[in-house]
Amino acid sequence: AKQHQSYLSDLKKGNKVITKGGIYGEITGLTDNVLTLEIAENIRIKVTRDAIAGPQVKEEANKEGAKDKKAKGG
């Protein structure tokens with residue numbers, strides 16, 4: 001819990017994050033309690049700092065896993 005709280009306090013513009021609701025975005029603005037996330041080109045939403053689950057997982061790794069499943073007939 002302490003690590004997560006430290007992560008939340010260290011967030012800054014340009015960080016790519018995922019919310020607890022599963023929304024991926026890049027931080028384009030922040031105040032003490034509210035972050036502005038760009039979730040698509042020119043589409044921004046505001047969320048509370050507490051809504052952030054953590055950093056985005058590497059999408060390339062996810063794509064490779066999907067390719068492997070298709071190749072194996074999964």
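A surface patch is taken here as a group of residues with over 30% relative accessible area and no salt bridge, in which nonpolar side chains are joined within 5 Å. In this predicted model, Ile23, Ile39 and Ile43 form such a nonpolar patch, with about 220 Å² of accessible area together. Isoleucine 39 sits in strand E3, which spans residues 34-40. Because its relative accessibility is 36%, isoleucine 39 counts as partly exposed and passes the 30% cut-off for patches.

E1 (residues 16-19) and E2 (residues 24-30) pair in the antiparallel sense through three bridges, and isoleucine 18 has tyrosine 24 in E2 as its bridge partner. Four residues lie between E1 and E2 in this hairpin, and glycine 22 in the turn shows a positive phi of about 90°. E2 also pairs with E3, again antiparallel, over four bridges; the hairpin they form has three residues between the strands.

Beyond four places in sequence, isoleucine 27 touches Leu11, Val17, Leu35 and Leu37, among others including Lys12, Lys13, Gly14, Asn15 and Thr36. In soluble globular proteins, nonpolar side chains tend to be buried together.

As for charged side chains, the count comes to one salt bridge. This salt bridge joins glutamate 38 to arginine 44, with the closest N and O atoms 3.6 Å apart. Glutamate 38 is partly exposed at 21% relative accessibility, and arginine 44 is partly exposed at 47%.

Technical notes:
Residues numbered from 1 in each chain as written. Predicted model: local features only at pLDDT ≥ 70, side-chain atom pairs only at ≥ 80, totals over all residues. Heavy atoms only, no water. Contact = heavy atoms within 4.5 Å. Salt bridge = Lys/Arg side-chain N within 4 Å of Asp/Glu carboxyl O. Buried < 20%, exposed > 50% of the residue type's maximum accessible area, 1.4 Å probe, protein only. Patch = residues over 30% accessible without salt bridge, like charges linked within 9 Å, V, L, I, M, F, W, Y side chains within 5 Å. Areas by Shrake-Rupley, 256 points an atom, 1.4 Å probe, with all protein chains shown as cover. Helix = DSSP H or I, 4+ residues; strand = E, 2+ residues; numbered from the N terminus. Pairing = 2+ DSSP bridges.
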